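Hi,

Here is the structure we talked about passing on. Please have a look before you read my notes below.

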Amino acid sequence: MKIHLTPEQKRALELMHDTTRDSRVCDRIKAVLLASEGWTAQMIAQALRIHESTVSRHLKDFIAQEKLTPENGGSDSHLSAKQTAELVDYLTANLLHTTAQIVDYVRARWQVSFSVGGMTKWLHRQGFSYKKPKGVPHKFDADKQQQFIDDYQSLKDRAGQNEPILFIDAVHPSQSTKLS
């Protein structure tokens with residue numbers, strides 16, 4: 001199926017291809033551009049690693065409506081607008097550590113079931129994102145450090161030659177502490 005494009009249309013499609021992050025849209029654009037260069041649907045399908053009928057459908061959609069984006073529409077939200085607003089407010093105010101905890105909360109609160117993957121997508125659509133906590137060394141206090149050095153030196157002076165000094169306090173800095 002031959003498609004005739006003006007140089008302006010080609011430039012616009014190439015710019016759209018360079019700026020689009022959705023690979024499905026990029027495949028549709030490549031199919032249209034390759035068809036305009038004389039490639040057959042079979043050659044395009046082989047190059048893009050998609051089925052030949054998919055290429056034909058993409059080209060027909062472009063010819064009929066200049067359609068480049070898949071408009072599947074998705075499914076309706078499981079939560080109403082009011083429930084969504086309440087859940088966003090709750091999650092903003094309260095830290096739940098896992099998506100499974102959020103799924104359990106929604107099931108208990110509104111008797112609505114989500115899969116963990118579905119809830120993850122819902123959270124992304126609402127602007128939530130996962131940020132792994134980063135370890136930050138505690139700010140040291142020079143006076144307290146000097147006091148510790150003085151106390152430690154005094155303890156060493158009082159202790160006998162063969163008497164061990166044991167430190168039984170927080171985690172050793174070389175141990176990988178778990179941030180959670």
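A residue counts as buried when its relative accessible area is under 20%. By that cut-off, 22% of the 180 residues of the chain are buried. Keep in mind that this is a predicted model.

Overall fold first. The chain has eight helices and zero strands. Its exposed surface comes to about 14,100 Å², and carbon and sulfur atoms supply 52% of that. Among contacts with a separation of 6 or more, 52% join residues 24 or more positions apart.

Now the cores. The largest nonpolar core holds 18 residues. Ile-3, Leu-5, Leu-13, Val-32, Ile-44, Leu-59 and Phe-62 have the most contacts inside it. Helices H2 (23-36), H3 (41-48) and H4 (52-65) each give at least two residues to this core. H2 provides the largest share, with seven. Beyond its neighbours up to four places away in sequence, Leu-5 touches Lys-10, Leu-13, Val-32, Leu-33, Ser-36 and Phe-62.

Is Gln-83 buried or exposed? Its relative accessibility is 18%, so Gln-83 counts as buried. A polar atom of the Gln-83 side chain sits 2.9 Å from the backbone nitrogen of Ser-80. Leaving out neighbours within four places in sequence, Gln-83 is in contact with His-78 and Trp-110.

Over to you.

Methods. Residues are numbered from 1 along each chain as its sequence is written. This is a predicted model: local features need pLDDT of at least 70, side-chain atom pairs count only at pLDDT 80 or more; totals for chains, interfaces and linings use all residues. Side-chain values use heavy atoms; hydrogens and water are left out. Helices (H or I, at least four residues) and strands (E, at least two) are DSSP runs, numbered from the N terminus. Buried means under 20% relative accessible area, exposed over 50%, partly exposed in between (1.4 Å probe, protein chains only). Contact means heavy atoms within 4.5 Å. Accessible areas come from the Shrake-Rupley method with a 1.4 Å probe; for residues, only the protein chains shown count as cover. A polar contact is a pair of N or O atoms within 3.5 Å; within protein, one must be able to donate a hydrogen and the other to accept it, and residues adjacent in sequence count only if both atoms are side-chain atoms. A nonpolar core is a set of buried Ala, Val, Leu, Ile, Met, Phe, Trp, Tyr and Cys residues joined through side-chain atoms within 4.5 Å.
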